[in-house]
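Colleague: I'd like to learn how to read this fold with you. Could we take the features one at a time?

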Amino acid sequence: MIDPTSEVPRWRQTHAILTDRIRTGVYPPGSRVPSVVALSGELGISTPTAQKALRQLREDGLTYTVPGFGSYVADRPA
């Protein structure tokens, strides 16, 4: 979960949580990653924080986005 007292920015904590879920198969290749709103509710973070974490996952090559449908786990995560 997110540690509000940590010096690590919340978006980085969120990114780490999602990366771990992808790498351990909680979100297998081709599966949909939770939406910004769902992540905000689950982790108690703001929507801009969730957006930044999802954007970084995309830049890392772990996910891809289908406009209007959401983000999905890439077939071969880096």
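Modeller: Gladly. Helices (H or I, at least four residues) and strands (E, at least two) are DSSP runs, numbered from the N terminus. With that rule, leucine 54 lies in helix α3. This is a predicted model, where local features need pLDDT of at least 70 and side-chain atom pairs count only at pLDDT 80 or more, while totals for chains, interfaces and linings use all residues. Residues are numbered from 1 along each chain as its sequence is written, and side-chain values use heavy atoms, with hydrogens and water left out.

Colleague: Is leucine 54 buried or exposed?

Modeller: Buried means under 20% relative accessible area, exposed over 50%, and partly exposed in between (1.4 Å probe, protein chains only). Leucine 54 counts as buried because its relative accessibility is 7%.

Colleague: And which residues is leucine 54 in contact with, leaving aside its neighbours within four places in sequence?

Modeller: Contact means heavy atoms within 4.5 Å. On that basis leucine 54 touches Leu18, Val33, Pro34, Val36, Leu39 and Thr63. Leucine 39, with neighbours within four places again set aside, is in contact with Leu18, Pro34, Gly44, Ile45, Ala50 and Leu54.

Colleague: How should I read the nonpolar core, and which residues touch the most other members?

Modeller: A nonpolar core is a set of buried Ala, Val, Leu, Ile, Met, Phe, Trp, Tyr and Cys residues joined through side-chain atoms within 4.5 Å. The largest one here has 15 residues, and Leu18, Ile22, Leu39, Leu43, Leu54 and Leu57 touch the most other members. Helices α1, α2 and α3 (47–59) each supply at least two residues of this core.

Colleague: Let's turn to α1. How many residues does α1 have, and how far does α1 reach?

Modeller: The expected span of a helix is 1.5 Å times one less than its number of residues. With 14 residues, α1 reaches 20 Å from its first C-alpha to its last, close to the 20 Å expected. Glycine 25, which follows α1, has a positive phi near 90°.

Colleague: Which residues of α1 are buried, and what covers them?

Modeller: An α-helix has 3.6 residues a turn, so residues three or four places apart point the same way. In α1 the buried residues are Trp11, Gln13, Thr14, His15, Ile17, Leu18, Thr19, Arg21 and Ile22. Their cover includes α2, α3, β1 and β2. Take glutamine 13: it counts as buried because its relative accessibility is 11%.

Colleague: What about salt bridges: how many does the structure hold?

Modeller: A salt bridge is a side-chain nitrogen of Lys or Arg within 4 Å of a carboxyl oxygen of Asp or Glu. The structure holds one. Glutamate 42 forms it with arginine 21, their closest N and O atoms being 2.7 Å apart. The pair links distant parts of the chain, 21 residues apart, with glutamate 42 in helix α2 (residues 36–43) and arginine 21 in helix α1. Arginine 21 is buried at 16% relative accessible area, whereas glutamate 42 is partly exposed at 36%.

Colleague: Last, how do β1 and β2 pair?

Modeller: Two strands pair if DSSP finds at least two bridges between them. Strands β1 (residues 63–66) and β2 (residues 70–73) are antiparallel, over four bridges. They form a hairpin with three residues between them, and glycine 68 in the turn has a positive phi of about 85°. Tyrosine 64 stands opposite tyrosine 72 in β2.
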